[in-house]
Amino acid sequence: MVQEYQSPVRVYKYPFEIVMAAYERRFPTSPLIPVFVGSEVTADNTTNDGSIRTTERRCKLVVEAPYLLKKIIGVDYVYFIQKNVLDLRERCLNIEATNETFSTRVNVLEKCRYYVHPENSEWTCYEQSALLDIKYFLGFESSMEKLGMKQYIQNISKGKEIIEFYVDELKKDGIINLPRWIPSGGDQTCDSNNPEESLVGLNKDSPTTADSQSKIWLEDEYIKRYIGELTPLQESKLVQFKKQLSQLQKSKLPSDTTLLRFLRATDFNIEKARENLSQSLIWRKKHNIDNILSEHEFPEAIKKYFPCGWHRHDKDGRPLYILRLGQMDVKGLLKSVGEDCLLKQAMHVCEEGLKLTKEATHTSGKPITTWCLLVDLEGLNMRHLWRPGVGALLRIIEIVESNYPETLGQVLIIRAPRVFPVLWTLVSTFINETTRQKFLFYGGNDYQSSGGLNEFLSEDDVPDFLGGPCKVKIPEGGFVPKNLYLKEGELEKEACTITEDSIYQSVTLTKGQAHEVFVQCEESSSVITWDFDVMRQDINFNVLRLLIEVQPSTLLNCARGNLNVIEKGWKEGEHYEKVEQTILCHDGESVQGSHLTTKSGTYVLQWYWSSDSLNISAGHHTKAKIMYYYEMLKSADYRGSMSSLMSANSKFSSRSNR
């Protein structure tokens with residue numbers, strides 16, 4: 001079993017000679033390191049010119065383990081051999097430590113290095129790496145591995161503070177400056193770099209570069225300031241990941257925040273993160289994503305009818321993106337711009353999000369690596385569950401999950417209506433568990449109560465359409481005019497799935513004809529959904545429930561084209577009942593809707609030639625044409641989708657008034 005650790009670079013804003021004097025005071029013991037109970041020098045040699053000193057120590061450490069485990073392994077202390085090579089000419093100290101105790105069962109190799117900061121000769125850098133390889137340990141390999149790494153990480157976290165402590169001790173003794181080593185008879189030279197020069201220049205997100213080492217340089221203060229608080233092991237994974245990529249990637253490396261996002265998405269599994277990132281980089285290059293912000297022009301339908309946009313920040317300083325999904329004409333947008341254009345719009349938003357989080361990090365003085373999404377569902381109904389639209393949404397989710405992991409900090413779903421659980425059931429399985437945990441749901445007006453938007457947005461930033469004082473500069477949405485629709489050939493060129501014949505059925509009706517679809521509902525509280533386009537002439541649409549038992553042969557005749565069964569012989573109230581009001585659908589109109597059943601039985605979706613149509617008297621058309629799609633969600637499935645949504649966040653189940 002092998003465990004590796006690689007630290008980021010730590011910077012002491014003191015000259016190398018002062019840091020070395022502080023380091024020496026750690027020996028033979030240090031009260032700041034309780035497990036380090038003793039050390040003795042076994043060898044100490046200096047070259048003739050005094051420039052290189054080699055020191056070996058035998059160090060004694062307490063075994064911090066459960067009592068039973070200590071009894072099994074049979075020791076209270078472990079010993080390490082430490083070799084230090086101090087090069088005063090080059091101003092660096094190389095340290096190598098290996099275990100003496102249990103050396104046949106366990107291999108521990110730690111390497112540490114102090115050296116002069118490459119951009120400021122008055123500062124000192126420190127970095128370390130360690131390798132723990134447990135070959136055999138009486139069946140306790142896993143326990144010893146966890147124990148060893150835990151203890152090691154605890155000591156690492158104290159490392160910088162220990163040097164700072166002994167520097168202060170030197171100051172108390174009046175030692176604030178020490179001369180550099182000079183060869184016998186030589187002159188001391190000193191580089192005078194600006195001590196205020198920032199280390200950020202050595203990191204990926206800064207335009208400044210120092211040398212080849214800057215490509216993989218990660219300093220701990222930089223991580224805290226620009227990336228965020230990480231555990232020592234997470235820091236180690238980030239450093240290792242960046243080093244691996246620097247060896248494999250000949251072109252420019254992604255930003256450190258990007259590397260961390262892919263690590264977080266794989267629970268800091270470097271191999272998985274590297275595979276996912278490599279695939280993402282190929283995808284970005286193939287689709288020219290790096291230039292999408294500067295080169296992509298959106299059509300008029302997107303600019304005027306896409307009800308989304310950026311709006312200030314949340315209370316944590318994260319950029320806030322508002323999506324008024326309930327006001328979006330999904331079908332109209334897809335028919336106007338095609339699926340690929342909507343996908344590019346989503347990528348454009350993601351790229352803007354990355355840009356805005358970076359800007360927020362620099363302006364807020366703290367790391368901002370994610371953005372907040374506010375989704376307003378007011379107006380959401382079954383027309384938003386149009387199958388091609390849901391398909392496009394799922395494709396967008398899949399691509400975003402693969403290429404923009406860990407970019408969402410919070411997702412606020414507000415004014416969620418009854419139909420939302422159906423949509424959530426369709427899309428939630430495509431969202432990974434970590435992201436799903438960031439979703440908060442509010443039904444009705446619950447977002448206005450305690451624990452609602454006031455937890456995430458300041459009062460001055462609440463959008464006007466939610467009752468706040470802040471004017472939101474995003475499109476209102478609404479139906480896209482049909483004059484903006486693409487022609488069928490253009491839709492096919494855009495690879496839009498709404499042209500697939502397998503989803504929608506087309507029916508032509510002559511005067512006096514009806515088209516009926518029979519839907520068997522085995523359980524009450526099921527949901528029947530429909531979506532259709534009136535391609536020619538005005539038609540009426542009904543949703544009926546049969547009051548008599550229908551023979552299978554009757555249903556078969558309807559399926560074969562006998563379209564007027566109800567109209568010819570049956571009476572309302574005796575043979576069937578209307579469960580929805582008749583609606584008149586005009587030429588060119590798109591209609592979506594749903595019906596929540598209260599009884600089981602046979603339901604009928606009925607389209608028939610409208611006698612009220614003005615087009616008839618004018619002799620406008622001799623035939624009517626519709627293209628339709630329908631679906632039924634069974635009661636158990638609907639309840640399951642509702643339960644799934646409620647369990648995703650208790651706020652929806654406890655606050656929803658619907």
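## Strands and salt bridges in a predicted model

Seven bridges join strand β16 (residues 527–536) to β20, and the two strands run antiparallel. This is a predicted model, so let us keep that in mind as we look around. One of the residue pairs here is Asp531 with its bridge partner Gln592 in β20.

Now step back to the sheet around them. Four strands, in the order β14-β22-β16-β20, make up an open sheet with antiparallel pairing. Its edge strands, β14 (505–510) and β20 (590–596), each pair on one side only. On average, neighbouring strands of this sheet are turned by 25 degrees against each other, direction ignored.

| Salt bridge | N to O distance |
|---|---|
| Asp49 and Arg89 | 3.2 Å |
| Arg324 and Glu476 | 3.6 Å |
| Asp464 and Lys471 | 3.7 Å |

Where does the pair Arg324 and Glu476 sit in the chain? Arg324 is in the loop between β10 (319–323) and α10 (330–337), while Glu476 is in the loop between β13 (439–443) and α15 (488–493), 152 residues apart. Is Arg324 buried or exposed? Arg324 counts as buried because its relative accessibility is 10%, under the 20% cut-off. Glu476, in contrast, is exposed, with a relative accessible area of 56%.

Terms used
Residues are numbered from 1 along each chain as its sequence is written. This is a predicted model: local features need pLDDT of at least 70, side-chain atom pairs count only at pLDDT 80 or more; totals for chains, interfaces and linings use all residues. Side-chain values use heavy atoms; hydrogens and water are left out. Two strands pair if DSSP finds at least two bridges between them. Axes are lines fitted to C-alpha atoms, for helices over the stretch in contact, and angles run from 0 to 180 degrees between N-to-C directions. A salt bridge is a side-chain nitrogen of Lys or Arg within 4 Å of a carboxyl oxygen of Asp or Glu. Buried means under 20% relative accessible area, exposed over 50%, partly exposed in between (1.4 Å probe, protein chains only).
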